[in-house]
Amino acid sequence: MGKEFDNVNRPKHYQIKIGDHDFEMYEVIRSFVCKYPIELAYPISNAIKYLGRANEKNGLEDLRKARKCIDMLIDDWIKYMEEDESKW
């Protein structure tokens, strides 16, 4: 029997199916964010969250939120690199 959805512990809009595998959004986010400096984690994680749930929750609004997070990421990335290019 499959796992049941509930809005607190397992919201449907945070579940992703890739091929035969089911993932929760936090698993996907963690796999991406761990590859980047902590200073960039917030906009990366939020962009992924909004992109992942857009089709199941808020549609275009979530895509706009993701775009805002990506713009924040670009700004943060530039600041981060200006501080010390050897960080990469």
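Helix α2 passes α3 in a left-handed crossing, where left-handed means that the near helix is turned anticlockwise from the far one by less than a right angle. Helices here are DSSP runs of H or I with at least four residues, numbered from the N terminus. The model is predicted: local features need pLDDT of at least 70 and side-chain atom pairs pLDDT 80 or more, while totals for chains, interfaces and linings use all residues. Residues are numbered from 1 along each chain, and side-chain values use heavy atoms, without hydrogens and water.

The axes of α2 and α3 (residues 60–83) come within 8 Å and cross at roughly 160°; axes are lines fitted to C-alpha atoms over the stretch in contact, with angles from 0 to 180 degrees between N-to-C directions. The pair is therefore roughly antiparallel, the term for angles over 145 degrees. Contact (heavy atoms within 4.5 Å) involves residues including Tyr50 and Arg53 of α2 and Asp62 and Leu73 of α3.

Asp62 lies in α3 and counts as buried because its relative accessibility is 0%, buried being under 20% relative accessible area with a 1.4 Å probe, protein chains only. Leaving aside residues up to four places away in sequence, Asp62 touches Tyr50, Arg53, Ala54 and Lys57.

Leu73 also belongs to the largest nonpolar core, which has nine residues, among them Val28, Ile44 and Ile48. Such a core is a set of buried Ala, Val, Leu, Ile, Met, Phe, Trp, Tyr and Cys residues joined through side-chain atoms within 4.5 Å. Helix α1 gives the most to this core, with four residues.

Conventions
Buried means under 20% relative accessible area, exposed over 50%, partly exposed in between (1.4 Å probe, protein chains only). Helices (H or I, at least four residues) and strands (E, at least two) are DSSP runs, numbered from the N terminus. Angles under 35 degrees count as roughly parallel, over 145 as roughly antiparallel, 65 to 115 as roughly perpendicular and the rest as oblique.
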